[in-house]
Amino acid sequence: MRLSWTTKYLLLAALVLGLAVIYFPLLVVLLNSFNADTTFGWPPSSFTLEWWGRAAENEGALNALGTSVQAGLAATAIALVLGTMAAFALQKYRFFGRNQVSLLIILPIALPGIVTGIALNNAFRTILGIDLGLFTAIVAHATFCIVVVFNNVVARLRRMGGNLEEASMDLGADGLTTFRLVTFPMLRSALLAGGLLAFALSFDEIIVTTFTLGTGLETLPIWILNNLFRPNQAPIVNVVAAVLILASTVPVYLAQRLSGDTTSGGRL
């Protein structure tokens, strides 16, 4: 398909405009975290690291960061185990209802967050009688983190095929040895990519967390929301938001690089 130069320029302009709409506000947040003006006049007249120092000493922000990291790591660990097991079960075996089970695994990430949050809140408090806290938030995060791990592992298993595993078994290796020496090394990058994406997804989550995290606890996104309109906290909020942007971008970038490694067979 050949495009005229006019069409190409229009498409390029649309691309640049779209990227600007997405990323320029993020750039403003990053710059405002160094803005010496407490009213955040634009463009910044001078820059300072004072707000970063205050943020590093802010007890509320640090506690929220710790909660986010704990929830993210725990949800990622659960997702890696359950997502990988589900991927192997659905990719390696054929059984009645296989497609329906796959749909049920993927569905949580497609549902509106508020629906998932309300459903889990009711399930924890009304049906199971569990008080809301960090544990319930971790379980809630794991429900959608499983999806990204599952998708990464299934995609890698499809690319791998079964020839190498069959050759290993033909040479006398049992199932555990084949998994340890053949399957797992080829899955490592997919697992790492899925884990990074799951952690980033959990770290950023706010809607489901609002309905499943107990009182007195805050994750970093909830702390930002609660302090966003407090004038004395605005500079620190910008710093925390900048940290959140960087903490989300790095795992996603690494996951994208690892997921795109199709020629090396998943080797790190």
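Visitor: How many helices and strands does the protein chain have?
Guide: This is a predicted model. The protein chain has 11 helices and zero strands. Read from the N terminus, its elements run α-α-α-α-α-α-α-α-α-α-α.

Visitor: What does the C-alpha trace span along its principal axes?
Guide: About 70 × 65 × 30 Å.

Visitor: And how much of the chain is buried?
Guide: Of the 268 residues in the protein chain, 39% are buried.

Visitor: Which residues of α10 are buried?
Guide: They are Leu220, Pro221, Ile222, Trp223, Ile224 and Asn227.

Visitor: Why is α10 described as largely enclosed?
Guide: Helix α10 covers residues 220-227, and six of its eight residues are buried, so the rest of the structure largely encloses it.

Visitor: Pick out leucine 12. Which helix does it lie in?
Guide: Leucine 12 lies in helix α1, which runs over residues 5-32.

Visitor: Why does leucine 12 count as partly exposed?
Guide: Because its relative accessibility is 48%. Partly exposed falls between the 20% limit for buried and the 50% limit for exposed.

Visitor: Now pockets. How much space lies in the largest one?
Guide: About 160 Å³.

Visitor: What lines the largest pocket?
Guide: Tyr23, Leu26, Asp204, Leu244, Ile245, Ser248 and Thr249 line it. Helices α1 and α11 are the elements that each give two or more residues to this lining. The largest share comes from α11, with four residues.

Visitor: What about Tyr23 and Leu26, where else did they come up?
Guide: Tyr23 and Leu26 are also part of the nonpolar surface patch.

Visitor: And what classes of residue are in the pocket lining?
Guide: Four are nonpolar, two are polar and one is charged.

Visitor: Stay with α11. Where is valine 243?
Guide: Valine 243 is in helix α11, residues 234-259. Its relative accessible area is 30%, so valine 243 is partly exposed.

Visitor: How far apart are valine 243 and alanine 61?
Guide: Their C-alpha atoms are separated by 11 Å. Along the chain, the two residues are 182 residues apart.

Visitor: Is alanine 234 buried or exposed?
Guide: Alanine 234 is buried, because its relative accessible area is 18%. Buried means under 20%. Alanine 234 is also in helix α11.

Visitor: How far is alanine 234 from glutamine 70?
Guide: They are 25 Å apart in space, C-alpha to C-alpha. In sequence, alanine 234 and glutamine 70 are 164 residues apart.

Visitor: Changing topic. How many salt bridges turn up in the whole structure?
Guide: One. Glutamate 50 forms a salt bridge with arginine 54. The closest N and O atoms are 2.6 Å apart.

Visitor: Where do glutamate 50 and arginine 54 lie?
Guide: Both lie in helix α2, residues 50-57. They are four residues apart, about one turn of the helix.

Visitor: Which residues line the largest cavity?
Guide: Met160, Gly161, Gly162, Asn163, Leu164, Glu165, Val182 and Met186 line it. The elements giving two or more residues are α7 (163-170) and α8 (175-204). Helix α7 gives the most, with three residues.

Visitor: And the classes in the cavity lining?
Guide: Four nonpolar, three polar and one charged.

Visitor: Last one. What about serine 168, buried or exposed?
Guide: Serine 168 is buried, with a relative accessible area of 11%. Serine 168 is found in helix α7. Serine 168 and threonine 178 are 10 residues apart in sequence. In space they are 6.1 Å apart, C-alpha to C-alpha.

Note on methods:
Residues numbered from 1 in each chain as written. Predicted model: local features only at pLDDT ≥ 70, side-chain atom pairs only at ≥ 80, totals over all residues. Heavy atoms only, no water. Patch = residues over 30% accessible without salt bridge, like charges linked within 9 Å, V, L, I, M, F, W, Y side chains within 5 Å. Areas by Shrake-Rupley, 256 points an atom, 1.4 Å probe, with all protein chains shown as cover. Salt bridge = Lys/Arg side-chain N within 4 Å of Asp/Glu carboxyl O. Buried < 20%, exposed > 50% of the residue type's maximum accessible area, 1.4 Å probe, protein only. 1 Å grid on protein atoms, 1.4 Å probe; cavity = no way out; pocket = protein on both sides within 12 Å on 5 of 7 lines; lining within 4 Å. Points joined across faces, edges and corners; volume = space filled by probe spheres on them. Nonpolar A, V, L, I, M, F, W, Y, C, P; charged D, E, K, R; others polar.
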